[in-house]
Amino acid sequence: MSSTCIIGLGSPYGDDQVGWKVIDLLCARLGTDDGTPKLAKAATPSNFLDLLEGGERLVLIDACQGLGPPGEIRCLTWPDSQIRQIRPAAGHLLSVHDALRLAEAIGKSPISCEVWCIEGIQFEVDAPLSEPVIVAAEKVALELSAKHHARSKCHA
Amino acid sequence: MANGERTIRVETLTRVEGEGGLTLRIRDGQITAAELNIYEPPRLFESLLRGRSLEETPDITARICGICPVAYQMSSIHALEKGLGVEITPGIRVLRRLLYCGEWIESHALHVYLLHAPDFFGCASGVELARQFPAEVKRGLRMKKHGNQVLEILGGRPIHPINIAVGGFYRAPKHEELTRLLPDLRWARDASIATAHWVAGFTFPAIEHDYEFVALHAENEYAMNEGRVRSSSGLDIAVNEFEQCFVESQAAHSTALQGARIGRDKPYLLGPLARLALNYDQLRPIPKQLADELGLSSPCRNPYKAIIARAVELVQAFDEAIEIIENYSPPRPARIAYEHTTGEGAAATEAPRGLLYHRYQFDSNGKLTFAKIVPPTSQNQRQIEHDLSALWPSIAANDDQTIAECCEKAVRNYDPCISCSTHFLRVNIDRQSALPSDEVGPS
């Protein structure tokens, strides 16, 4: 059974925290037993390269803007072209798309990658997570933990 | 072509983070101008700093660059401390050198592997290079990661550190926080030596320029945080004399000021080649032996070989970081107290790309009244233009696309900044001819 690595991408700014929030919720739901997916928070796409070993199922959670109403959830599967739009390369940072291509090139490619995008509305310094985004984070955490339990049962 | 004129434009470059471009003007086969077109609006940091407290300065100036924020923090802090009369302890001083080692590591590793090395293999990107050299690129990424870890432990986070204060550090790391890095840093020192051997084996264009090298120089160490400003033409001045010898001026084609030596037409070169040329004897034994083996003992004037100099500095930085951590005990106090007073101070440090000069004036309430920042990329601009002019005869016979690519590579030798390199891609070519328009063939 391939291992699963779930990474929340984010920053401390408003709804950009949502990736980290989902990881906190999953930590509480799934605990740290053997068989629990690897759960991690990352600030930039290049950070998650360090967390990959190759061959795992990778799940990324990130905030986004422009997909729909606040709190809207969308799950994209690599290599969906919309993934190019997530954390696009800017300044000194790799985009999610580039980081996945680089992982592929250096033999650390995940066996699959799904990206959960949650629409945010406020990204200012010191802003809290908005209500719709908190609700969405809980939904995503619930769905990911249910998937994990279903997969565990299949392989039990 | 028209009137024997030909113009080659590469659109997109920057000052520190953003975009600029490049224009070559050719008349009758001879280059008449090579211009680095920096068109990004000025970022106005000097004005933005006026009225802000001096304690905010290092955190604000760090935002000038995402890859060398430590350089901006260090130059600003040293300048402010000079103005305040703050004397830091040896423990704080050495911790600042370790912080700078972390920045050189992450910056140099990124440039060597993802930005510069692809040029030597005809690769359009680091990802493309990684397909050909996965083990090497993995090695580079891991080295970069360890540089970022040093920054994170000392600075509180890997980019735009927040633990750096006028007078020292807000918090000194515990002994074990740093010593747990040692196994990785020892691996990385070996990896950086392997890197130097790898890049020294690349095929380099046989091009040399008569550079005037400028860098900080210190007698007892490879200068990073302090030293005198020296040049290969014999200049040897204290940092507070910098503005008596160097000036910034506006070029019509650039929103970034260009650095120049006062009273001299010749441009000057900053960065790893200059540092190595002026501070060779100050290299630590391991990188010095390596540099000897790689033939760098006499000043290297081939700009493409800056990649080797950068690799040698990676070895230098890892080796010094290891020694600092092996001998580390947290400085107490971590920060020297001071009183606000009216003052003025200047300082220069060695950013990965070269000498970075800051000067500030502040009032008795600790508010800045004046700020001047002279970044390495702006000082290297004229030298880049000079390199491009000198390059022209050897590339003139090529098609425009090839010429544009050669020019991009010549610019990337300088590691102007990641966004400069990665956005330096769109090419517009405007050919003009002396022939009547109806005889102009397709270009």
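Over all chains, the structure holds 33 salt bridges, a salt bridge being a side-chain nitrogen of Lys or Arg within 4 Å of a carboxyl oxygen of Asp or Glu. The model is predicted: local features need pLDDT of at least 70 and side-chain atom pairs count only at pLDDT 80 or more, whereas totals for chains, interfaces and linings use all residues. Residues are numbered from 1 along each chain as its sequence is written, chains are lettered from A and ligands numbered from 1 in the order in which they are written, and side-chain values use heavy atoms, with hydrogens and water left out.

One of these salt bridges links B:Arg97 and B:Glu320, at 2.5 Å from N to O. B:Arg97 belongs to helix 4 (residues 90-116) of chain B and B:Glu320 to helix 12 of chain B, so the pair ties together parts that are 223 residues apart in sequence. Helices (H or I, at least four residues) and strands (E, at least two) are DSSP runs, numbered from the N terminus. Both B:Arg97 and B:Glu320 are buried; buried means under 20% relative accessible area, exposed over 50%, and partly exposed in between (1.4 Å probe, protein chains only). Another salt bridge joins B:Glu177 to B:Arg171 at 2.6 Å, N to O. B:Glu177 counts as buried at 16% relative accessibility, while B:Arg171 is partly exposed at 38%. Through shared partners, salt bridges connect B:Arg93, B:Arg97, B:Glu221, B:Glu226 and B:Glu320 into one network.

Beyond four places in sequence, the contacts of B:Leu24 (heavy atoms within 4.5 Å) include B:Ile8, B:Leu388 and B:Trp392.

In helix 11 (residues 285-293) of chain B, the buried residues are B:Pro287, B:Leu290 and B:Ala291. Viewed down the axis of helix 11 of chain B, they fall within an arc of 100°, so they line one face of the helix; the arc is that of the directions from the helix axis to the C-beta atoms. B:Pro285, B:Gln289 and B:Glu293 are exposed on the other side.

Chain B also contains an open antiparallel sheet of 3 strands in the order 11-12-13, where pairing requires at least two DSSP bridges between two strands.
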